[in-house]
Every structure is written in C-alpha cells, then in structure tokens.
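Please read them with the structure open.

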Amino acid sequence: MAQAVLKSILENVMTGFGEALTLITPSDVEYSVKGFSNDIGQTIDPDTGQLVSGRNAQVTLSLESIMALGIGIPEGISSSDSKPWRIRYTDLSGAVVTFAVITSSPDRSLGSLVLYLGRWEES
C-alpha cells in the first residue's frame with residue numbers, strides 16, 4: 001500500500017509532486033519519466049556550521065516505474081571515458097538543466113529510487 005501511495009505522490013502532476021523528467025542512459029537513449037526533483041544551494045555546512053558554498057541536487061522516482069522500463073537501476077559511472085546516466089528537466093525558473101547521476105539509493109521496502117546528481121556539461 002505504501003508503494004502505491006508513494007508512486008501516486010511522485011508521479012501525479014496534478015495532485016502530487018510529479019514533474020516531467022528525462023532519464024538518459026550512457027548510450028544516449030532517453031526515457032520520459034515522472035518524479036520529484038530538488039536543487040538546493042547551500043551556504044552552511046550542516047555538520048560543522050561553517051560557511052561553505054555547495055549544491056545538493058537529486059530526483060526521487062518510483063523504483064517500480066524504473067524497473068518496468070527494463071533498464072536496471074541508474075548509477076554513477078566512475079570512468080571519465082564514458083558518459084554517465086543523466087537527468088534533464090525544466091526547473092522552476094524555466095531553465096532546462098541536465099545533471100549527471102553521481103550515485104543512486106534504491107529503497108526496496110518503500111519503492112523509491114533517489115538519484116543524487118552532480119554537474120554535467122556536454123563535451
């Protein structure tokens with residue numbers, strides 16, 4: 001039951017937090033998915049209280065929906081010789097942003113997949 005509720009919250013664009021996202025494989029195949037994104041600038045390190053400059057970007061998706069695509073779980077790629085998994089979406093300001101997937105955190109009990117994102121520049 002919790003998985004169904006989570007999926008409706010993450011994917012419903014009318015009554016939930018769902019938004020259109022594009023998941024891009026390392027081989028440049030694009031999948032339209034729905035999920036929840038956040039991109040937060042940070043100025044204070046919560047562990048030390050020191051002033052720093054940082055950014056925390058991530059998306060949360062339904063694990064069931066990603067598995068249904070048959071592509072496996074996106075994860076960070078450590079080799080700089082290949083393209084990483086990427087996420088593209090339009091942020092609240094209307095800018096189209098693309099991030100690389102740095103790491104993923106599937107929750108197989110609740111059914112969520114959190115992708116932690118980092119800077120991506122097309123080369």
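**Notes on the sheet**

1. Strand 3 and strand 6 (residues 112–119) run antiparallel and are joined by six bridges. Please keep in mind throughout that this is a predicted model. Within this pairing, Ser62 stands opposite Ser112 in strand 6, while the bridge partner of Thr60 in strand 6 is Val114.

2. Strand 3, which covers residues 51–62, is also joined to strand 2 (residues 30–44), here through nine bridges and again with the two strands running antiparallel. In general, strands of a sheet pair through backbone hydrogen bonds, in either a parallel or an antiparallel manner.

3. Strand 2 and strand 3 form a hairpin in which six residues lie between the two strands, and Gly49, in the turn, has a positive phi of about 80°.

4. Taken as a whole, the sheet is a closed barrel of six strands in the order 1-2-3-6-5-4, with antiparallel pairing. Neighbouring strands of this sheet are turned by 45° against each other on average, direction ignored.

5. Which strands does helix 1 touch as it packs on the sheet? Helix 1 (residues 2–11) is in contact with strand 1 (19–24), strand 2, strand 3 and strand 6, and its direction makes about 115° with that of strand 3.

Technical notes: Residues numbered from 1 in each chain as written. Predicted model: local features only at pLDDT ≥ 70, side-chain atom pairs only at ≥ 80, totals over all residues. Heavy atoms only, no water. Pairing = 2+ DSSP bridges. Helix = DSSP H or I, 4+ residues; strand = E, 2+ residues; numbered from the N terminus. Axes fitted to C-alpha atoms, helices over the stretch in contact; angles between N-to-C directions. Contact = heavy atoms within 4.5 Å.
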